[in-house]
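Thanks for coming. Please have the sequence and the model open while I talk, and I will go through the chains and how they meet.

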Amino acid sequence: MSEQTTVEKEDTQLNEQTKEWQPSILAILCNWCSYAGADLAGSARMQYPETVRIVRVPCSGRADPMFVLKGFQKGFDGVMVLGCHPGDCHYAKGNYYARRRIAMTQDLLKALGIPAERFHFEWVSASEGNRFSALIKEFTRQLQELGPFEGVDR
Amino acid sequence: MIQDTIRQEAKKALESGEVRMVIGWGAGSVPFKTTPVFVDNPQDTDKLIWNPACTNNLAVYLTKLARDGKVGIVAKPCDVRSIVTLIREKQVKRENVFIIGVGCGGVVDATSLQNGDVKLREITSLEWDGGDLLVTTETTKTKLSAAAVLREQCKECDDRTPSVSDVSIGEAVVRASDLKIEIPGLSEDRQKYWAEQFSRCIRCYACRQVCPACYCETCFCDRIEPKWTAKKATTDEAWMFHATRAMHLVGRCISCGECERVCPVGIPAVELARELNAIAKERYGFEAGDPQADKPLLGNYQENDVDPAHHSE
Amino acid sequence: MIETTHENPITTLPYTPMPAVVTKIITETWDTKTFRAEFTDEALKENFTYEPGQFQQVSVFGVGECTFCLTSSPTRKGYIEFSVKKVGSVTSALHSMTEGGVVGIRAPLGNYLPYHEWKGKNLLFAGGGIGMAPMRALLNFCLDNRDDYGDITTIYGARTPGDLCFKYEYEEWDSKGKLHLTVDAGEDDWKGHVGHVPGYLKELAPSPENTIAITCGPPIMIKFILPEFANLGFKPEQIYTTLEMKMKCGVGKCGRCNIGSKLVCLDGPVFSLAEIDELPPEF
Amino acid sequence: MADKLIGKDKIGDFLKALMSKYTVVAPIERGDAPAEFQEIADGDTPVLDGSKNMMPPKDYLLPRHEVLVKIDMSGGETKVETPLPEDKPRVIMGAWLPDAQGIQVLDRVFLDRKFIDPYYARRRENLALVAVIPAEMRWSWFCGSVDDVDTWKAGVDALMYDLGDKFYVEVNSDKGAALLEGAPMSVVSDVDVAAKDKLWTEFKNTGLLPFAGKALYENLAWDDPVWGEIADKCIACGMCSYMCPTCTCFDIQDETCGNCVERYRCRDTCQFEDFTLMGHGHNPRSTQLPRSRQRLLHKFRYQHEQFGVVGCTGCGRCVELCPVNVDIREVLCRTCAEPMEQAAEN
C-alpha cells in the first residue's frame with residue numbers, strides 16, 4: 001500500500017441522501033472468492049455503502065496483518081478481511097494459514113485496545129454477492145454504533 | 001563454581017577445535033554490568049564470567065557469527081529458547097552451535113539497584129545468596145530481595161534449566177516464587193495506554209537490534225518501498241512499528257525481556273508479544289522456545305484450528 | 001566569487017526548495033535523462049547565479065530529495081540542468097515526469113571548480129559515463145569563455161556508444177576544443193576508439209605542462225586513471241575531481257557526507273587530488 | 001549581580017513569575033516515563049534539581065520530529081511554506097551543566113559556517129540557559145576528563161547548585177541577571193559559598209580518568225583495533241546517538257497527504273547502515289567498524305578540527321544505557337593505552 005491510502009476525510013462525512021455518518025472501511029478481499037462476490041454484488045446492482053475501499057489480494061493468505069495495522073494507523077474506521085471458505089482455497093491451503101494469522105491479528109488488536117468490532121473477518125464465496133453486500137451493510141451499521149475511530153495516537 | 005566450569009568447557013571446545021569462537025559474558029566496564037565477549041583463543045577463556053548481571057541474550061549474535069562454521073555460546077535457559085527458535089526458523093544450523101547451557105534463577109536489572117542505600121558507583125560485586133542478591137561495596141554488604149532486583153521477565157520465568165545444550169552447567173535456584181510481572185496502567189484503557197507508551201518512542205530501534213528473534217536482514221520499517229512506517233518519531237508511526245513488530249514476534253519471542261531492559265524511555269515492548277504467545281500456547285499448544293515444535297507457529301496450521309470468522313449471515 | 005541574490009532563499013532558508021518547471025527533458029541513454037528546469041519565481045530565474053562544479057538538491061514533492069550536480073553552464077542563463085540516472089525512488093519519479101512538471105530546487109550548494117585560477121592554462125577533461133555531467137558545466141563555461149584558456153581537450157568514454165551522454169554537444173566540444181570518444185565495446189557502426197578511458201589517456205599522452213586535469217566517472221575508472229595521470233607527470237595539485245556522498249541537507253548540518261572532518265556538501269564536492277590524499281579513505 | 005540563594009519552597013513562585021515573561025522549558029515527568037524537556041504550563045511541577053534528566057535538552061532545541069516545509073499543490077500551483085518556530089523569549093531551566101555545554105556544541109553545528117539553521121536559530125536566539133549541579137553526581141559522568149569544565153560556566157547564563165533545601169545561584173551574564181530580577185532570593189553566607197565550592201570540586205573530580213587533560217583528538221587513531229572490537233559487540237541501534245546531548249545528525253523525509261506534502265526532519269544516526277547508503281548501492285561505511293569509528297572520531301577529532309570544540313561532554317548517558325555495555329570511557333582509555341581506573345576520590 002502506498003501513502004495514498006490515507007483516508008480522505010470527506011469520505012467519512014455525512015452521506016447526502018441518508019444524512020447519516022458513513023464509516024470508512026478497508027476491505028481486503030481474496031481474488032477468487034470475496035472479490036468475485038463483490039463483483040457479483042456490483043453487477044447485480046446490489047446496494048452497499050460506497051465508503052468501502054477494496055484491496056484485492058490473490059488469496060486471504062496474502063492478507064498481511066500489516067495491511068490491517070496500516071489501515072488503522074491511517075485512520076480507517078473499520079478493516080475487514082474476507083477469504084474463501086475453509087477447504088475452498090484456490091491455492092489449496094492459503095486460507096488455512098490466513099486463519100491462524102488473522103486469529104492472532106484479532107488478539108493483537110485486542111491487546112492494543114482496538115475494539116474487536118472494528119475488525120471483521122469472514123468467509124465469503126464467489127457466489128455470495130448478496131451476502132457480501134449484506135456484510136458490508138452490517139459492518140457499516142456496527143461501526144456507526146461505535147462511532148468514528150479516533151486514531152491509534154489519541 | 002559455575003564460572004570455572006564455563007571457562008573449562010569453553011577452553012575444551014576451543015582447544016579441540018570444535019568451535020572457532022565462544023560467545024559469552026565478560027566483565028563489564030562497571031561491576032554491575034556485563035558485556036558480550038568473543039573468545040577465540042583458549043588462553044582467553046578466563047575472560048568469561050557468570051554473575052547475576054549476565055543479562056544479554058547472546059543469541060542475537062548467532063545469525064552473524066554462526067553462519068559459516070561452528071561457534072560456542074554460553075546460554076541461559078531463555079537464551080537457549082532463542083537459539084531453538086533460530087534453528088527452527090533456519091537462521092542457524094544446529095550443527096553450527098555448541099551450546100554451553102547454564103542453569104539460571106533469574107538475572108538482575110542494574111538500574112533497580114540504584115534505589116535505597118546502594119550507590120551504583122561504589123558497587124564492587126554482585127552475587128546471589130539464596131533468594132537474595134548480595135551487593136558488595138568497599139565498605140558494606142547489602143542484601144536485596146530477588147523481588148526487588150530481578151529483571152521483569154525473570155519474575156514469572158519457570159524455565160530454569162536449558163532445554164537443549166551440548167554441555168549443561170549449574171543447577172538453577174528459584175529465587176522467589178509467586179512473583180508477578182506488573183505493568184501499571186495496562187489493564188485500564190489499553191488504547192490510551194499504548195498511545196502514551198508509544199508517544200515516547202524515540203525510534204532508536206534498540207528493542208529490535210537487541211532481539212534475537214528480529215533477524216530480518218532488512219526490517220520492514222527500513223524499507224523505502226513500500227514505506228510501512230515513516231522514520232519520524234510520532235505516536236502513530238511508533239504504534240505501527242511496535243504493533244507490527246509484536247505481530248512479527250508471535251511464535252518467535254521467547255520473553256527474555258531484553259527489549260524492555262534496553263528501552264531508554266521505558267516502553268514495556270515485550271508485553272504485547274508475551275500476551276500473544278500466551279494465547280498461542282493455549283490455543284495452538286505452541287511455545288516459541290519449545291524444541292519439540294518443528295514448524296513456526298504461523299507457518300503451520302491444523303484443519304481444526306480455531307475459526308476467527310464472525311459468522312454473520 | 002559565490003554570489004547569491006537576495007531573491008534566492010538558500011542563504012536564509014536553506015531547507016526551503018524553490019519550485020521550478022521542467023521545460024525540457026532529453027533522453028541521454030536508456031537509463032539517463034537530462035532535465036532543464038526554470039524557476040517559477042521570475043526574479044529568481046533572472047538573478048540565479050552559480051559556479052561550475054556546484055550542486056543542487058532536487059525535490060520531487062512527496063517522494064523526496066536527491067543530490068545532482070548543476071550540469072549546465074552558468075553562462076547559459078535562465079535555466080538550470082541536471083542529469084539523472086535512474087537508480088532509486090526519487091530518480092525514478094523524475095524519470096516518469098513529463099515536461100511541465102514541477103520540481104523543487106535548492107541551489108547553488110557546495111564549492112566549485114577554481115577556474116579563475118586556471119586562466120591561460122590547458123584543460124584536460126577525462127570523464128566516464130554519467131561522470132561527464134559535473135564536468136560539462138565547466139567545459140561549456142570554458143568554451144563560452146574560449147579566449148581565457150589554452151587547449152581544451154576532452155576524453156570521454158562509456159560502456160557502449162548508446163551509453164554516451166550529451167551527444168548533441170560533441171560537435172561544439174570538438175570544434176572549439178578537441179574531443180576524443182571511446183567505448184568499452186563498440187557496435188558495428190562504431191567508427192571511434194574502443195577501450196577504457198585510462199588506456200586511451202595513456203595512448204593520447206597529453207602533456208602535463210601548464211595543464212589542469214579534471215576527471216570524473218565511476219570509482220573503477222578513477223582508480224585506474226589516477227596512476228595514468230601520475231605516469232604522464234601530472235602532480236596531485238593538477239588533478240581535480242568531484243566526490244559523491246549521500247546527502248540530505250546539503251548545507252552542512254545533517255552529518256552524513258563527511259570524509260574525516262571535511263564535509264562534501266560544504267568543503268566539496270570539488271577536491272584536488274592533493275586534498276583527497278589528505279583525507280581518510282572512506283568514500 | 002552577586003550570587004544568591006533561593007529556597008526550594010520558593011521555586012514555584014519564582015517559576016510562576018518567570019512564566020509571565022518567558023517560555024520556560026524544563027524537565028517534566030509524565031507517569032513512569034523519563035522526564036522530558038518541555039515548555040511548562042501552569043500547574044506543572046518541573047524537576048529542577050537534575051535528578052530526572054535522562055532525556056537531554058537537545059530534544060527541545062532539535063525536536064525529534066520537525067516540519068521544515070509544507071508544500072501545497074492543490075489548485076495547480078505549487079506553494080512552499082516554511083513554518084519557523086515562534087520568536088519568543090525562552091529559558092531552559094534545570095539542564096545538567098554538561099548538557100548546557102552540549103548546547104554549545106549544537107550551536108557550532110547549526111549556527112556556524114556558511115549556512116545557519118533557521119529553525120534551531122529561532123529557538124536559540126532568545127534563549128537563556130540555566131544549568132544545575134545536582135547534589136549527587138551521576139556515576140557515569142566523566143565531564144572533567146573530556147574538557148576543562150571551568151570554561152563551561154561561560155556558556156550558561158546562570159548556574160544553580162543544589163544545596164539540599166535550597167539552590168545556590170551563580171549569575172554569569174546580563175541575561176541571567178535579568179532572568180532573576182525580582183526573584184525571591186536571599187544573600188549568601190560564607191557557609192553557602194563553601195558548600196557551593198565543595199559541590200563544584202566534586203563535580204570537577206567526578207569521573208577523572210587516565211585520559212583527562214589529554215588531547216584526545218591526537219590519540220584517536222584511524223586504524224586502532226578498538227574500532228573492530230566495538231563493532232563486534234555493537235548491535236547497531238541508535239540509542240547512544242539519540243540520547244546524546246550533542247549528536248545532531250538528522251534525516252529529511254517527505255510525507256504526502258492528499259495534495260499536500262510535509263517535509264520533516266527526524267533523528268538519524270551514523271550507526272544505521274542506510275545512513276550513508278547511496279541510491280545506486282554504494283556505501284562508504286558499509287560495515288559496523290567504520291560506523292563505530294565515525295561516531296567517536298566525529299566527536300573527538302572532526303568536531304575539534306571543524307570548530308575547536310570537544311563533541312562529547314561526558315554526560316554518561318551512552319555509558320549507562322548501551323545495551324551491550326560499550327563504554328565510551330573504556331574506549332577512550334584504550335586509545336591512550338591505559339586501563340580504566342577511576343582516579344577520583346569521591
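Chains A and C do not touch, and their nearest C-alpha atoms are 9 Å apart. By contact I mean two residues whose C-beta atoms, placed from the backbone, lie within 7 Å. This is a predicted model, in which local features need pLDDT of at least 70 and side-chain atom pairs count only at pLDDT 80 or more, while totals for chains, interfaces and linings use all residues. Residues are numbered from 1 along each chain as its sequence is written, and chains are lettered from A and ligands numbered from 1 in the order in which they are written.

Which chains share the most contacts? Of the five pairs of chains in contact, it is A and B.

Chain A has four helices and four strands. Helices (H or I, at least four residues) and strands (E, at least two) are DSSP runs, numbered from the N terminus. Along the sequence, the pattern of chain A reads β-α-β-α-β-α-β-α. Of its 154 residues, 55% are buried. A residue is buried if 20 or more other C-beta atoms lie within 10 Å of its own, exposed if 12 or fewer, and partly exposed in between, with C-beta atoms placed from the backbone. Among the contacts in chain A with a separation of 6 or more, 79% are between residues 24 or more positions apart.

Now the A and B pair. Here 33 residues of chain B are in contact with 35 residues of chain A. On the chain B side, helix H5 (190-199), helix H7 (235-249) and helix H9 (270-284) each supply at least two residues. H7(B) has the largest share of that side, with eight residues. By class, the side of chain B that touches chain A has 21 nonpolar, five polar and seven charged residues. For the classes, Ala, Val, Leu, Ile, Met, Phe, Trp, Tyr, Cys and Pro count as nonpolar, Asp, Glu, Lys and Arg as charged, and the others, Gly among them, as polar.

Next, what H7(B) packs against. Two packed helices are described by the angle between their axes and the distance between the axes. Axes are lines fitted to C-alpha atoms, for helices over the stretch in contact, and angles run from 0 to 180 degrees between N-to-C directions.

One partner is helix H2 (residues 65-73) of chain A, whose axis comes within 10 Å of that of H7(B) and crosses it at roughly 160°. H2(A) and H7(B) are therefore roughly antiparallel. Angles under 35 degrees count as roughly parallel, over 145 as roughly antiparallel, 65 to 115 as roughly perpendicular and the rest as oblique. Their crossing is right-handed; a crossing is left-handed if the near helix is turned anticlockwise from the far one by less than a right angle, and right-handed if clockwise. Which residues of H2(A) meet H7(B)? They are Pro65(A), Met66(A), Leu69(A), Lys70(A) and Gln73(A), and they face Asp236(B), Trp239(B), Met240(B), Ala243(B), Thr244(B) and Met247(B).

Another partner is helix H3 (residues 94-112) of chain A, which packs on H7(B) at about 140° with the axes 11 Å apart. H3(A) and H7(B) are therefore oblique to each other, and their crossing is right-handed. Thr105(A), Leu108(A) and Leu112(A) meet Ala243(B), Ala246(B) and Met247(B).

On to chains C and D. Chain C has seven helices and 15 strands, and 52% of its 283 residues are buried. A compact globule of 283 residues would have a radius of gyration near 19 Å, and the 18 Å of chain C agrees with that. The radius is taken over C-alpha atoms, and the globule rule is 2.2 Å times the number of residues to the power 0.38.

Chain D comes to 13 helices and 12 strands. Its radius of gyration is 21 Å, close to the 20 Å that the rule gives for 346 residues, so chain D is as compact as a globular protein of that length. Buried residues make up 51% of chain D.

Where they meet, 37 residues of chain D are in contact with 34 residues of chain C. Strand E4 (65-72), helix H3 (97-111), strand E11 (250-257) and helix H11 (288-307) of chain D each supply at least two residues of its side. E11(D) gives the most, with six residues. That side of chain D has 20 nonpolar, nine polar and eight charged residues.
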